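Good morning, and thank you for coming.

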2 protein chains.
Amino acid sequence: MEISFKDIEALLFPRSVAVIGATNYFGKWGQLITSNIVAGNFRGPIYPINPHKEYLFGLKCYKSILEVPDKVDLVFVTIPAQRVMEVLKECAQKRVKSILMITSGFGETGEEGKRLQREMVEFLEREGILLVGPNTMGLISPYADLYATGPHTRPKKGDVAFVSQSGNLGNQLVFWATQQGIGISMFVGSGNEGMATYRDFLLYLERDPRTRIIVLYLEEIGDGRDLVSMAKRITQEKPILLLKGGRTKAGGKAAATHTGAVAGENRVFRGALRQAGIIEVSIPSELLELSAAFSSVPLPKGNRIGIVTLGGGWGVVTSDLCEEMGLLVPEIPEEIVRTIGRYLPDFWSKSNPVDLVGTRDPNAPLVAVEELLRWEGIDAVIVLGIVGRKDVVDLLVDSAKRIDPDTPPEFLKRVDEFAQNYEASFALRMVEFMEAYEKPVIGVSLTTSGEKIVREFEGKRYRGVFYQSPEQAVRSLKRMLEYKERRT
Amino acid sequence: MEISFKDIEALLFPRSVAVIGATNYFGKWGQLITSNIVAGNFRGPIYPINPHKEYLFGLKCYKSILEVPDKVDLVFVTIPAQRVMEVLKECAQKRVKSILMITSGFGETGEEGKRLQREMVEFLEREGILLVGPNTMGLISPYADLYATGPHTRPKKGDVAFVSQSGNLGNQLVFWATQQGIGISMFVGSGNEGMATYRDFLLYLERDPRTRIIVLYLEEIGDGRDLVSMAKRITQEKPILLLKGGRTKAGGKAAATHTGAVAGENRVFRGALRQAGIIEVSIPSELLELSAAFSSVPLPKGNRIGIVTLGGGWGVVTSDLCEEMGLLVPEIPEEIVRTIGRYLPDFWSKSNPVDLVGTRDPNAPLVAVEELLRWEGIDAVIVLGIVGRKDVVDLLVDSAKRIDPDTPPEFLKRVDEFAQNYEASFALRMVEFMEAYEKPVIGVSLTTSGEKIVREFEGKRYRGVFYQSPEQAVRSLKRMLEYKERRT
């Protein structure tokens, strides 16, 4: 069946949902999905279907979908494959709009499963009901307050869309995104793609105003020419980040047993994807890393990088990484050297990277970043070690509290607070600089203390991005530049 | 002067220390170093030297080193460069053994600084006093309970040694190591290397029984043939991990203003380093990643990797990464398939990667890992998503607590505890497997929740290593294998 924008919109914004196979048996799919929808505060009615229960999670239970007194837009199915056809017939009778089939044991398991899947899809097509799955791990639609995946991750509203043929990989990406402060517009595990495929979701996301960045995990691409021609168009407006599982013989073999994907799209084809503007990565965490930058900062207009660093070694390492990835670290004019120099001891580097030589002057990093951004010879700034320093201050304050009888506790408290507040205000200033100069600033926190990568400020067009490690900043700028250049 | 093993041993295990320039002015070097030594519980006497103070951090202060009533082995100097010669003369008179010169403004700043540095070094050589620095950020000697760096990071005792020409980069690496549970044998910032160079420390570490892994950050290598011949010998016993700052023109320029390093060791030379068994990385966090693996698990004897995964997508991605990095993911024999199959639903992958299809049987992952290790066709195992699952369980339990009136809180508490305990006991089992089979097992936690990479168990030869992301596991095994092959 032809799947329209409205079909997917109805899936992501149902007015009511039911779960066939709902249970409170802890850890079963029928429990995971139902309790997630309830705990996630879905705004419409939720109908658990289970013939042996009266109530589940404080909600009235129904023996079958046919007993539900009102309309049902979206039905989640978690019962075993053998019993699926029976309940689908009831769903058709009930005139539901969409089915999300968690149940596995279909096309990915062999001939009998394939037959069952065909039968199911043909039936639903005839009835005009949208099918997602089977063998999917659910969907998340934050703008509908609908959280319907196994893990109870509830990312905030944002502009990154995730479509994944692997449920566990997709869910884990969303989990990371949540931990890192990356907001999402939707997540769907497309599973075996019996009916709705990643292409349908791509076409939807192309037009979805909430989505600015599209992240794909695919094991089977299908008609590659189709993807290339779609991508050419979509990437003019929205970056597509792709992780292709099964690139190699070993990976392809694993994919065959996983989603039943047919491996073997070759290098030539993947070159075509790149030509079409798709940004391909080989490492899952890079999808997150790039999502953070693409969705939070302006695209760089060129490859000339300014580096501001609290310590020299990090400037050296970052310069090396820039040059190795094809970015330039240009020399800065005398005038900028003079302006920055007013805030630094005389023995500072007087060049790019700007080494702040551990300065404690709170204005120095701000002046250095702004002077670089202001200059037409710089396209982007990487700033290392300003945000993150409070972790070190914490350690110092802790020592002083224990062993220094002469330094008053109020002073130490103020030092600690200053460090905290300074970092928050510094992150905000970076966002304001990006608005003022329309150039990206990427921070590197140099700590693994578990702070979020993305820092959002009310009413601001951009967000602060603070990676842990310099290669993440360099790689992101490189990839953003590639995207920009291919697009134009 | 010829620097001996005993000279460095005396530096790292002083019986008493003094700080010239000690102060409690918060954030100054004289405060950072002194308070760190005190708060770190250095076991010997600590003598703060400051003519204007009676007491600092509860310790009696002295007007000059000459006033100290007892012997002083190691002196930290933090006063400005212009006044250094004067106090060094006093140190010579006092017959101190070693000087660690924090003070900067020497060789890295131009002709006058170079002259001053030469004068200082010549004087100390004549007096037979060891000099570390100038322009260093200190040292850490955990086995002496001596923590004497700017940031008050206090890593635990372990077997990884860090030598860094950049203090801030070295300190940050040690900070990460501490956050990730990696124990260290020593850290020294060698700074400008006026007298003691990284070579002296390398020769010491070669013989130091506490050190099993050597990590270097170098901006200037000096006599490359010397390093190559040393490395050839040392890497027979101990891996050397190297990050070379200033590999590129941009990085070399930055290094010149930083430590005054002369750039330009070329690719041919770096090829020779690799031939000598040195493991070179370009990204700082890889030094940590590799330290964790090299110091915690046995070396793989070959490139055949078994993969055990909680979900299929991660198995696919990891297989791709293995093949792309030259590792094999071999097919497993029918017998192993049968044994593992007893613990899994019928629709499991029946191949390598072993996809546990989200099983909740606590024995399944253990059986799968052990069966692979036991087989002679596998050299190492990567296990994805078992440790780390408790983060997801936490979310489920939290939802259930809020919305499920029918599931008793004691049950949820037990679920949570089981998940916690299971992961601890799983990590321990992995360590026991490594002892039994002498093959590495690397875990991937698939979460950014801030748990440590390295998990140590009392009395065990190996430690659990659980990275966040699969490429870290694959990369580590690849590098360990390279090391092993070059060595033999």
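Let me begin with a definition: the expected span of a helix is 1.5 Å times one less than its number of residues. Helices (H or I, at least four residues) and strands (E, at least two) are DSSP runs, numbered from the N terminus. What you see is a predicted model, in which local features need pLDDT of at least 70, side-chain atom pairs count only at pLDDT 80 or more, and totals for chains, interfaces and linings use all residues. Residues are numbered from 1 along each chain as its sequence is written, while chains are lettered from A and ligands numbered from 1 in the order in which they are written.

Consider first helix α4 of chain B, residues 111-127. With 17 residues, α4(B) reaches 25 Å from its first C-alpha to its last, close to the expected 24 Å. Which residues of α4(B) are buried? They are B:Gly113, B:Leu116, B:Gln117, B:Met120, B:Val121 and B:Leu124. Here a residue is buried if 20 or more other C-beta atoms lie within 10 Å of its own, exposed if 12 or fewer, and partly exposed in between, with C-beta atoms placed from the backbone. Seen down the axis of α4(B), the buried residues fall within an arc of 130°, so they line one face of the helix. That arc is taken over the directions from the helix axis to the C-beta atoms. As a general point, an α-helix has 3.6 residues a turn, so residues three or four places apart point the same way.

The buried residues of α4(B) pack against α3 (84-94), β6 (98-101) and β7 (130-132) of chain B. On the other side of α4(B), B:Glu111, B:Glu112, B:Arg115, B:Glu122 and B:Arg126 are exposed. Just after the helix, B:Gly128 takes a positive phi of about 70°.

I turn now to chain A. Chain A has 16 helices and 20 strands, and buried residues make up 58% of its 488 residues. The domain assignment, which is automatic or from a database, gives domain 1 (5-294) and domain 2 (298-487). The C-alpha centres of these two domains of chain A lie 39 Å apart. Their contact takes 13 residues from domain 1 of chain A and 16 residues from domain 2 of chain A, where two residues are in contact if their C-beta atoms, placed from the backbone, lie within 7 Å. On the domain 1 side, the largest share, 5 residues, comes from α10(A).

Finally, the two chains together. In all, 81 residues of chain A are in contact with 81 residues of chain B. Among the elements that give two or more residues to the side of chain A that touches chain B are α2 (29-39), α10 and α14 (389-403) of chain A. The most, 12 residues, is given by α11(A).

Chain A can be laid on chain B with an RMSD of 0.0 Å by a turn of 180° and a shift of 0.0 Å along the axis, the superposition being by least squares on the C-alpha atoms of residues with pLDDT of at least 70 in both. The two copies are thus related as by a two-fold rotation axis. In chain A, the C-alpha nearest that axis is that of A:Gly450, 2.8 Å from it. The same surface serves both copies, as 100% of the contact residues of chain A recur in chain B.
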